[in-house]
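Welcome! Here is a short briefing to read alongside the structure. Take a look at it first, and then we will go through it topic by topic.

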Amino acid sequence: MKLKAFSSRTAKEILRDPLNLGFGLGFPVVLILLLSAIQANIPVELFVIENLAPGIAVFGLSFMTLFSAALIAKDRGSAILQRLYTTPLTPKDFILGYTLPILPIAVAQCIVCYIFALILGLDITVRLLWSIIAIIPSALFFIALGLLCGSVFNDKQVGGICGALLTNLTAWLSGIWFDLELVGGAFKKIADLLPFIHAVELERAVLSGNYEDMFPHLYWVLGYIAVTFGLAVFAFLRQMKRQ
Amino acid sequence: METIKISGLTKKYKDTTAVDGLDLAINEGELFALLGVNGAGKTTTIKMLSCLAKPTSGDAFLCGKSIVKESGEVKSLIAVSPQETAVAPNLTVRENLELMAGVHGFAKEKTERKIAELTEQFGLGEITSKKAGKLSGGWQRRLSIAMALISEPKILFLDEPTLGLDVVVRSELWDNIRALKGKITIILTTHYMEEAESLSDRIAVMKDGKLIITGTAEEIKAFAGEEKFEDAFVKIVKEAVK
């Protein structure tokens, strides 16, 4: 009951912000339309919808980090959290209340992304359903990252770090727009150590039906969830104590 | 009957002592004001009593429950209206009240009853569907106090409730606070002397984390030998420096 009340508030605060909806749902859709239009007018296969759609679905998740971090940082900056800390809500309620409501938003964003991909020529298969389910681990990683950033950074810092830096990292180090093998070297090595490319490859493997290719990418994503969530809980509890 | 019993309450931050061995007893239904210049220790005291900060030493008992050992029970007895306006901006007035009822685990029927009661009490009827972030400062403060009261607290902490509000809005908010007197125990911190004098049953003056004097406004004026409460406050605080 207590968790439900707090979770409902988290969802409302996020969904009622027009900027959130514009960027979170609109921007990935614009990208998929734009890149598909480019693909239609070039002779080489650069932005094939089967590869592009899972990439954009993962890229859209970086906005979940921004939503989550921005809300927590704003709450920390205002007195609303101080008020709520004097209520019977437990630390577990706060952490779950900031995390769980964003998961359906992330899944909804993924569905919107695939709906546009279908319009642009993606085949309708049952693999689409599995792809939507397979986005959940990656979504959890990005949401946990939001909890971590929101607990550590202030409102303005979140805008810069999650809004600019993270979206760019997700974009360039995930192999969405180009094959990272083409760049190679240190760039590829760094990309391989980060979770973004593994999240994209996991999604691509499921959508293509090559389920054995999910591994080791799934392990990388699960590992990053465990580490990020652990750090996020530690950082959130630390700032809670400081308040 | 004592609702709050504070004994030896101390809070230290590194080499600074924010609250220094505070001893105080506050009676049931009393409106008690904590006064002091900036850094006197008022907000730290409120933070400790509302379980937001742990005392370095000492303890306080709210309705017999220790803030050190029984903070969970204490939290179910109290409500806080913080210094800054603490409302969820993208939620409507009604949703803000529902949020507070929800986090206290109220059933639907009780939530509806409490919302109707507080909407009437604070004159929120015409703005229930407006987003809290779009309200004026005065309305946000009213909503903030209503949100604190929804849990039917035994003790209400009002931290600078009228800070930054114009004279008319402040006066209206005073009426709201006066209407609560005797029903619950209220601890008020304020920088406005006339607010403390007008609203409070008793007043405590703090300086450098220590309690200088406790009494009614009349008793404090008589002690200082001043006719105006503000003059009495200034005199007492200045003499405490010497």
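**A first look**

From the N terminus on, the elements of chain A run α-α-α-α-α-α-α-α-α-α-α-α. In other words, chain A has twelve helices and zero strands, where helices (H or I, at least four residues) and strands (E, at least two) are DSSP runs numbered from the N terminus. This is a predicted model, in which local features need pLDDT of at least 70 and side-chain atom pairs count only at pLDDT 80 or more, while totals for chains, interfaces and linings use all residues. Residues are numbered from 1 along each chain as its sequence is written, and chains are lettered from A and ligands numbered from 1 in the order in which they are written.

**Overall form of chain A**

- The radius of gyration of chain A is 18 Å, which agrees with the value near 18 Å that a compact globule of 243 residues would have; the radius is taken over C-alpha atoms, and the globule rule is 2.2 Å times the number of residues to the power 0.38.
- Along its principal axes, the C-alpha trace of chain A spans about 60 × 35 × 30 Å.
- Of the 243 residues of chain A, 45% count as buried (20 or more other C-beta atoms within 10 Å of the residue's own, with C-beta atoms placed from the backbone).
- Among contacts in chain A between residues at least 6 apart in sequence, 80% join residues at least 24 apart; a contact means C-beta atoms, placed from the backbone, within 7 Å.

**Where chains A and B meet**

- The contact takes 22 residues from chain A and 22 residues from chain B.
- On the side of chain A that touches chain B, helix H1 (2-15) and helix H4 (80-85) of chain A each supply at least two residues.
- H1(A) gives the most to that side, with seven residues.

**The nonpolar core**

- The largest nonpolar core has 146 residues, and A:Met64 and B:Ala146 have the most contacts inside it; such a core is a set of buried Ala, Val, Leu, Ile, Met, Phe, Trp, Tyr and Cys residues joined through C-beta atoms within 7 Å.
- Helix H3 (residues 49-77) of chain A gives the most to this core, with 17 residues.
- B:Ala146 touches B:Leu97, B:Leu118, B:Phe122 and B:Leu124, not counting residues up to four places away in sequence.

**Domains of chain B**

- Chain B is assigned domain 1 (1-77 + 153-162 + 180-242) and domain 2 (85-152), with bounds from an automatic or database domain assignment.
- The centres of these two domains of chain B, taken over C-alpha atoms, are separated by 27 Å.

Technical notes
A residue is buried if 20 or more other C-beta atoms lie within 10 Å of its own, exposed if 12 or fewer, and partly exposed in between; C-beta atoms are placed from the backbone. Two residues are in contact if their C-beta atoms, placed from the backbone, lie within 7 Å.
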